[in-house]
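Work through the two exercises below with the coordinates open. Each task is followed by a solution in steps.

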Amino acid sequence: MILEKKVHVCRKCQSEDIVKNGTNGSGSPHYHCKTCGAYGVLEPRQDYTEEEKEIIINAYQKRSSMRGIERTFGVCR
Ligand SMILES: [Zn+2]
């Protein structure tokens with residue numbers, strides 16, 4: 001069994017002293033930083049770099065299986 005404990009930090013000041021602040025409309029957890037007072041989304045949608053996009057597109061063209069790609073890279077179409 002693998003237990004992964006994720007530590008979230010404030011995206012503005014990198015402080016670990018943050019508390020949960022509910023969720024937004026799409027269900028993303030929000031946090032409130034006690035150190036700098038910032039409010040933000042705990043896990044913002046990941047942006048892919050151009051390089052990563054290229055790799056994914058190349059893999060898609062070779063295998064032409066959307067489901068396989070989704071599994072491999074964990075991305076949404
Ligand atoms: Zn902060």
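**Exercise 1: the metal site**

Determine the geometry of the zinc ion site and list its protein donors.

Step 1. With angles of 107 to 114° among the four donor atoms, the site of the zinc ion is tetrahedral (four donors count as tetrahedral if all angles lie between 85 and 135 degrees). The ideal angle for four tetrahedral donors is 109.5 degrees.

Step 2. This is a predicted model, in which local features need pLDDT of at least 70, side-chain atom pairs count only at pLDDT 80 or more, and totals for chains, interfaces and linings use all residues. Residues are numbered from 1 along each chain as its sequence is written, and side-chain values use heavy atoms, with hydrogens and water left out.

Step 3. The protein donors are Cys10 (SG), Cys13 (SG), Cys33 (SG) and Cys36 (SG), at 2.2 to 2.3 Å from the zinc ion (donors are N, O and S atoms within 2.8 Å of the metal, or 3.2 Å for Na, K and Ca). Their spacing in sequence is C-x2-C-x19-C-x2-C.

**Exercise 2: serine 15**

Is serine 15 buried or exposed, and which residue does its side chain join in a polar contact?

Step 1. Serine 15 has a relative accessible area of 13% and is therefore buried (buried is under 20%, exposed over 50%, partly exposed in between, with a 1.4 Å probe and protein chains only).

Step 2. Its side chain and that of threonine 35 form a polar contact of 2.7 Å (N or O atoms within 3.5 Å; within protein, one able to donate a hydrogen and the other to accept it, and residues adjacent in sequence counting only if both atoms are side-chain atoms).

Methods. Tetrahedral: all angles 85-135°; square planar, octahedral: opposite > 155°, others 65-115°.
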